[in-house]
Amino acid sequence: MNFSKRVIEWQMKHGRHHLPWQKNNNPYHVWLSEIMLQQTQVTTVINYFERFIEALPTIKDLAEANEDKVFKLWAGLGYYARARNMHASAKIIQENFNGIFPNTFEDVLNLPGIGRSTAGAILAFSYNQHYPILDGNVKRVLMRFHGLKMPKDDPQTIKDLWQIAEQLLPASKIRNYTQGLMDLGATICKPKKANCKTCPLKKNCKALALNLVNEIPSIKKRQSLPIKTKQFLIATYKGEIFLIKNYQDKIWQGLWILPEFQELQNTILYFFQQGLFKELNSGSRKTVFTHFILHFTYTHIELLKKPKKHYLGLWFDKHELQDIGLPAPLKKLLSQILR
């Protein structure tokens, strides 16, 4: 029995069949799920996916939604560029494809935020088209099966894996095959504590035969993450809070954030020049991103006189914070402070 047939038969018996985006192979649902699942676990994505579809049930709805609504639905998932790219893509699809998700590889690949593997997965699930995928889970399955000990992100490794993925494509049941590869990587051929005893590929897996499962794929030694710092000002007045739209920094770009001491000195001076205020508290927090660690401090002041409108930002009632795009770490901080 060949590789693809084993994967398909295993998936049909033991794979995941009841995820919310699997109900009808709706291209919009498949696309949204594939983008959300980048860098995020299935268990986390399910609730976000269902809320997103309930609020924006069609590509047209997403295209016409304002940025704040999209970011609010995404807040907490992180990697906000994914949300920006989906929003931009929806507008392209609405304008160029009459709101219908495209069905050719070239058109899908040209959409913002979609790479070769994601395009292949979307076309396989949505339109039953035969394209390979190569996400992190699939890389691991293929490398262990073939006993490839080279670094997984080496350009030559990636090139070789794409060739292997192409060669292994089945003649039929591409949806089961694609889902099966994903399921195997997520539930059986895991990075640590792989469950080789129940793997349908164990008879021909070179990594298992050579006792190299824990060594494949090889990973370059991880360097310590760089640390970035920020200083935020929490300015409140009778249950309202001042926020700015972030167009400056790639961190949380497009979201509402607190004004910063370092980059927005004029804003800080503006508040202090208004007259009376009292400092309530200060503190620090840490949040870990993929490529760096962010340490931020905050100072909370309560104004005794509300300033006039300021061009850099807006005043929000504390109850409005649930309705705007606000980064999860700041939303958590503000919910505690404004409680």
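A search of the whole structure, which is a predicted model, finds 0 disulfides. C199 is in no disulfide, and the nearest cysteine sulfur, that of C189, lies 6.2 Å away. A disulfide would need two cysteine sulfur atoms within 2.5 Å.

**Cysteines**

- C199 has a relative accessible area of 13%, so C199 is buried.
- C205 is likewise in no disulfide; the sulfur of C196 is the nearest cysteine sulfur to C205, at 6.4 Å.
- The relative accessibility of C205 is 13%, and C205 therefore counts as buried.

**The chain as a whole**

- The chain has 339 residues, and buried residues make up 47% of them.
- Its secondary structure consists of 14 helices and 6 strands.
- Taken along the principal axes, the C-alpha atoms fill a box of roughly 80 × 45 × 30 Å.
- The chain exposes about 18100 Å², and carbon and sulfur atoms supply 50% of that area.
- Of the contacts between residues at least 6 apart in sequence, 66% join residues at least 24 apart.

**Helix α2**

- The buried residues are P27, Y28, H29, V30, W31, L32, S33, E34, I35 and M36.
- Which helices do the buried residues of α2 pack against? They pack against α3 (42–55), α4 (59–64), α5 (67–74), α6 (81–96), α8 (116–127) and α11 (174–188).
- An α-helix has 3.6 residues a turn, so residues three or four places apart point the same way.
- At the start of α2, a side-chain oxygen of N26 comes to within 2.8 Å of the backbone nitrogen of Y28.

- Strand β1 (residues 227–237) pairs with strand β5 (residues 293–303) in the parallel sense, over 10 bridges.
- I234 has H300 in β5 as its bridge partner.
- With strand β2 (residues 240–245), β1 pairs in the antiparallel sense, over 2 bridges.
- In β2, I241 stands opposite T236.
- The hairpin of β1 and β2 has 2 residues between the strands, and K238 in this hairpin takes a positive phi near 50 degrees.

**Y298**

- Y298 is located in strand β5.
- Is Y298 buried or exposed? Its relative accessibility is 10%, so Y298 counts as buried.
- Not counting residues up to four places away in sequence, Y298 touches F232, I234, N281, S282, G283, S284, R285, L333 and I337.
- Between Y298 and Y177 there is a separation of 121 residues in sequence and 50 Å in space, C-alpha to C-alpha.

**Nonpolar core**

- The largest nonpolar core has 103 residues.
- Which residues have the most contacts inside this core? They are F3, W31, W74 and L243.
- W31 is also one of the buried residues of α2.
- Leaving aside neighbours within four places in sequence, L243 is in contact with W256, I257, L258, G313, L314, F316, L321, I324, L326 and L334.

Note on methods:
Residues numbered from 1 in each chain as written. Predicted model: local features only at pLDDT ≥ 70, side-chain atom pairs only at ≥ 80, totals over all residues. Heavy atoms only, no water. Buried < 20%, exposed > 50% of the residue type's maximum accessible area, 1.4 Å probe, protein only. Helix = DSSP H or I, 4+ residues; strand = E, 2+ residues; numbered from the N terminus. Contact = heavy atoms within 4.5 Å. Polar contact = N/O pair within 3.5 Å; in protein donor to acceptor, adjacent residues only side chain to side chain. Pairing = 2+ DSSP bridges. Core = buried A, V, L, I, M, F, W, Y, C linked by side-chain atoms within 4.5 Å. Areas by Shrake-Rupley, 256 points an atom, 1.4 Å probe, with all protein chains shown as cover.
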